[in-house]
Amino acid sequence: ILRPYIMAGPALIISIETREDQGKSGSRSNSRGIFVGTGVAIQLDSLDRKSSWSLYETAGIKQYYLTIDYGRLTTFSGDVDYTVSGLSAGMTFEF
């Protein structure tokens with residue numbers, strides 16, 4: 001019923017600044033870092049078998065989950081430092 005997971009991977013952020021000031025030019029930069037995340041997928045189709053069968057017949061959905069995860073992006077080199085983290089929730093469907 002619970003499917004925990006972790007993920008990690010490289011990140012490249014490219015940014016372009018444009019300016020409308022008189023005589024000012026924009027700039028371009030890039031930063032490199034890593035993204036890590038963890039979460040859990042909670043299987044919902046076992047809670048109501050009748051509705052799950054109906055979803056399979058009409059849309060071809062075999063299983064569905066409530067997914068909750070936490071992710072963090074941190075840069076370690078480049079022109080701009082980024083540190084971003086957040087919690088998200090959504091639905092995952094298997095066809």
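Guide: Ile13 counts as buried, at 19% relative accessibility. Here buried means under 20% relative accessible area, exposed over 50%, and partly exposed in between, with a 1.4 Å probe and protein chains only. This is a predicted model, where local features need pLDDT of at least 70 and side-chain atom pairs count only at pLDDT 80 or more, while totals for chains, interfaces and linings use all residues. Residues are numbered from 1 along each chain as its sequence is written, and side-chain values use heavy atoms, with hydrogens and water left out.

Ile13 lies in strand β1; strands (E, at least two residues) and helices (H or I, at least four residues) are DSSP runs, numbered from the N terminus. Leaving aside residues up to four places away in sequence, Ile13 touches Ser29, Asn30, Ser31, Leu73, Thr75 and Tyr82, where contact means heavy atoms within 4.5 Å. The C-alpha atoms of Ile13 and Arg32 are 6.4 Å apart in space, although the two residues are 19 apart in sequence.

Ile14 is also placed in strand β1. With the same exclusion of residues up to four places away, Ile14 touches Ser29 and Asn30. Ile14 and Asp79 are 65 residues apart along the chain, with 9.9 Å between their C-alpha atoms.

The strand that holds these two residues is part of an open sheet of 4 strands, in the order β1-β2-β3-β4 with antiparallel pairing. β1 (2-17) and β4 are the edge strands, each pairing on one side only. From one strand to the next the twist averages 25 degrees; axes are lines fitted to C-alpha atoms, for helices over the stretch in contact, and angles run from 0 to 180 degrees between N-to-C directions. Two strands are taken to pair if DSSP finds at least two bridges between them. Strands of a sheet pair through backbone hydrogen bonds, either parallel or antiparallel.

Going across the sheet, β1 pairs with strand β2 (residues 27-43) in the antiparallel sense over 16 bridges, and Met7 has Gly37 in β2 as its bridge partner. β2 and β3 run antiparallel and are joined by 13 bridges; Gly39 stands opposite Asp69 in β3. Strand β3 (residues 63-78) is joined to strand β4 (residues 83-94) by 12 bridges, again antiparallel. A hairpin of 4 residues connects β3 to β4. Ile68 has Ala89 as its bridge partner in β4, and Tyr70 is partnered there by Leu87.

β3 and β4 also carry a surface feature. Leu66, Ile68, Tyr70, Leu87, Met91, Phe93 and Phe95 form a nonpolar patch with about 700 Å² of accessible area together. β3 and β4 each supply at least two residues of this patch. Patch residues have over 30% relative accessible area and no salt bridge; nonpolar side chains (Val, Leu, Ile, Met, Phe, Trp, Tyr) are joined within 5 Å and like charges within 9 Å. The areas come from the Shrake-Rupley method with a 1.4 Å probe, and for residues only the protein chains shown count as cover.

The charged pairs complete the picture. Side chains of opposite charge can pair when their charged atoms come close. A salt bridge here is a side-chain nitrogen of Lys or Arg within 4 Å of a carboxyl oxygen of Asp or Glu, and the count comes to 2 salt bridges by this rule. Glu94 forms one with Arg3, their closest N and O atoms being 3.7 Å apart. Glu94 lies in strand β4 and Arg3 in strand β1, so this pair ties together parts that are 91 residues apart in sequence. Glu94 is partly exposed at 32% relative accessibility, and Arg3 is partly exposed at 40%. Arg19 and Asp21 also meet in a salt bridge through their side chains, at 2.6 Å from N to O. Arg19 is partly exposed, with a relative accessible area of 37%, and Asp21 is partly exposed at 40%.
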